[in-house]
Amino acid sequence: MGVQRQRDPVASLFHALVVACALCWASSARCVEGQSQTGQLSVDASQQNTRKIPDKMFGIFFEEINHAGAGGLWAELVSNRGFEAGGPNTPSNIDPWLIIGDESSIIVGTDRTSCFERNPVALRMEILCDSKRTNACPSGGVGVYNPGYWGMNIEKGKVYKVRLHIRSSDAVSLTVSLTSSDGLQKLAAHTITGSKKSFAKWTKIEFHLKSSQNNTNSRLQLTTSKTGVIWLDQVSVIPLDTYMGHGFRKDLSLMLANLKPQFLKFPGGNYAMGNYLRNAFRWSETVGPWEERPGHFNDAWGYWTDDGLGFFEFLQLAEDLGASPVWVVNDGASLNEEVSTATVASLVKDVVNGIEFARGGPKTPWGSVRAAMGHPQPFKLDYVSIGNQECWMLYYRGNYQKFYSAIKAAYPDINIISSCDRSTISPSNPADLYDVHVYTSSSNMFSRTSMFDNTPRSTPKAIVSEYAVTGNDAGKGTLVAALAEAAFLIGLERNSDVVKMASCAPLFVNDNDRRWSPDAIVFNSWQHYGCPNYWMLHFFKDSSGAALHPTTIQISNYDQLVASAITWQNAKDKSTYLRVKVVNFGNRAVDLNISVSGLANGIKNSGSKQMVLTSSSPLDENSFQQPEKVVPVSSPLANVKQQMGVSVRPYSLSSFDLLLEASKHASI
């Protein structure tokens, strides 16, 4: 996300109007009776007026906000696995780890005896009880447990990889188990045993646990009934079954894959900047073995991240999704601090090194680090965004020029994105793209359908990397907010000669840690659902690289309709469709006559379909209780012709996919 923005001043008024209309609509169908409109939508599908939409038009933007990664997309189940979240001073807070037993049986604290130089804090457990009757430990032993991120979802029959580092002053008998939240129900367990000599030095232990039961609110326990001192560090539990085997939570990753994103912008947002520079995202501290990553406090959004989801993993995720990575680099600015242009050279060098990590050969200094992580082939990093909308800051423009010159000298093909607006771009302040963020009310977002209509058609082009409806009518993700964003995206399609890329924000929210609403995908430890704006994106997932056709709407006394038309090809069966999308942002039904001219080939008699996103009220939302309250509904489309009538419901997004004859249709 960008810096905090004020809400649109008309949002409250619009919200009141929308609520009134929603109540009217919900109470009686007579509210819209007699108010239906008739209109004409003309589509010019002639080859000479067709324009290709950029190949990477629609993508996704990931920021570590709302516990999107730590406790979400990154499948690690243990929170604060290295005990570093309490800070480097000891003793420190080990939250959310808690003690099993009392002070008569166990003393738990932290010290700086870890074997890892960059994350030196370790957990020390002094066990005072034993298995003898005179000083017997409680049944099940004493130790510590970790509840994960608001409970661990453990599934019957699934296998979980456990890794931890252990040292002991005595012989060890330590049971590692997955249990219910109260510790009474045991799902899986393994006991680590060894002599005093076996664990005199730090030793890494790895094993698998297979669960015998389902439990969505589980915890990890480490318990013993043997007197002595045990040190623990870097305790990890992760499912073996992850997306592409690369550590990403499978259900959430599939939600992303189903959008067919053409790019992945990461890691933020404010997260890339930090409130203070000491807490900014530093790529070089997030690569290499996971145990050796120091982690850092995400002060922009108020929680610790162990950086298991680091620079390498973001690049890997982009590759797994078939998306181009767009790396947002820290340009020497946080929300409260700046590095002057005179002293920014080390940060510039660090970014150039980061590009080498991604793109360098396996024998280059940083490319070899990537290769050692299991990816000898370079990643296809072609986009670097300098900063996060801080053009207004004192040193941004001077720092930007340093980054631009150094990156272009080493990698001239890299596309560099400026945080300044188009008016500042010049031969002396060049950019390949300029970044645009749009956060506003639904009424204003709808009006921004024409935002780029009068933009000069010369370079550079825009990347609208963050957009969202915010304010009262946005709720936690309402239908009306999704429709406003759909209208905005239709405007971007129409202006895709000056807008090259677009992505919404934020992408994810853990329902236990809402730092920002609305979001596209909501989840907890075991459930997830898409908000209406997530499902809206499905109407645009075939637009990247498609052929755009001019459209015109003629309708009297009603300005709540926007439309676009594309020709796209289904990758699975190679069928070609003419897709007409229509947003109805008002409370009137519209009988729309669609007229298509200039088609090189005809429309087939069968095989066409329509998809509609709507609901009984414009303020309807999805939830865990009703995850499909507002989702697209598909149905066959009959009587399809080049002149045809369709009905467009109030407050709806509709697409009409007309299956075209195969033979001589122009290539897209």
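A salt bridge is taken here as a side-chain nitrogen of Lys or Arg within 4 Å of a carboxyl oxygen of Asp or Glu. In the predicted model described here, Arg-514 and Asp-511 form such a salt bridge, their closest N and O atoms being 3.2 Å apart. Both partners are partly exposed, Arg-514 having a relative accessible area of 23% and Asp-511 a relative accessibility of 33%.

The structure holds 25 salt bridges, and one of them joins the side chains of Asp-542 and Lys-260 at 2.4 Å, N to O. Because Asp-542 belongs to the loop between α10 (532–537) and β27 (547–549), whereas Lys-260 belongs to the loop between α2 (250–257) and β15 (263–266), this pair ties together parts that are 282 residues apart in sequence. The two side chains fall into separate accessibility classes: Asp-542 counts as buried at 11% relative accessibility, while Lys-260, at 39%, counts as partly exposed.

A further salt bridge is found between Arg-494 and Asp-453, with 3.0 Å between the closest N and O atoms. Arg-494 is part of helix α9 (residues 479–494) and Asp-453 is part of the loop between α8 (442–447) and β22 (461–469), so the contact ties together parts that are 41 residues apart in sequence. Arg-494 is partly exposed at 34% relative accessibility, and Asp-453 is likewise partly exposed, at 33%. Salt bridges also occur as a network, in which Lys-161, Lys-204, Glu-206 and Glu-291 are linked.

Turning to the strands, an open sheet of four strands is arranged in the order β28-β1-β31-β34, and its pairing is mixed. The edges of this sheet are formed by β28 (551–555) and β34 (643–648), each of which pairs on one side only. From one strand to the next, the twist averages 25°. Within the sheet, strand β1 (residues 37–44) and strand β31 (residues 590–597) run parallel and are joined by eight bridges; in this pairing, Gln-40 has Asn-593 of β31 as its bridge partner.

Strand β14 (residues 228–239) has 11 of its 12 residues buried, so that the strand is largely enclosed by the rest of the structure. Strand β6 (residues 122–127) runs antiparallel to β14 and is joined to it by five bridges, with Ile-127 standing opposite Gly-228. Strand β9 (residues 159–168) also pairs with β14 in the antiparallel sense, in this case over eight bridges, and Ile-166 has Leu-232 of β14 as its bridge partner.

Trp-392, found in the loop between β19 (383–386) and α7 (396–410), counts as exposed at 59% relative accessibility. The C-alpha atom of Trp-392 is separated by 9.2 Å from that of Ser-419, which is 27 residues away along the chain. Tyr-439, by contrast, lies in strand β21 (residues 433–440) and is buried, with a relative accessible area of 10%. Between the C-alpha atoms of Tyr-439 and Glu-466, 27 residues apart along the chain, the separation is 7.8 Å.

As to annotation, an unreviewed UniProt entry places the feature "domain: Alpha-L-arabinofuranosidase C-terminal" at residues 465–652. In the model, this span is 12% helix and 36% strand, and the C-alpha atoms at its ends lie 25 Å apart.

Key: Residues are numbered from 1 along each chain as its sequence is written. This is a predicted model: local features need pLDDT of at least 70, side-chain atom pairs count only at pLDDT 80 or more; totals for chains, interfaces and linings use all residues. Side-chain values use heavy atoms; hydrogens and water are left out. UniProt positions are given in the numbering used here, feature names are shortened, and annotations may be inferred rather than shown by experiment. Helices (H or I, at least four residues) and strands (E, at least two) are DSSP runs, numbered from the N terminus. Two strands pair if DSSP finds at least two bridges between them. Axes are lines fitted to C-alpha atoms, for helices over the stretch in contact, and angles run from 0 to 180 degrees between N-to-C directions. Buried means under 20% relative accessible area, exposed over 50%, partly exposed in between (1.4 Å probe, protein chains only).
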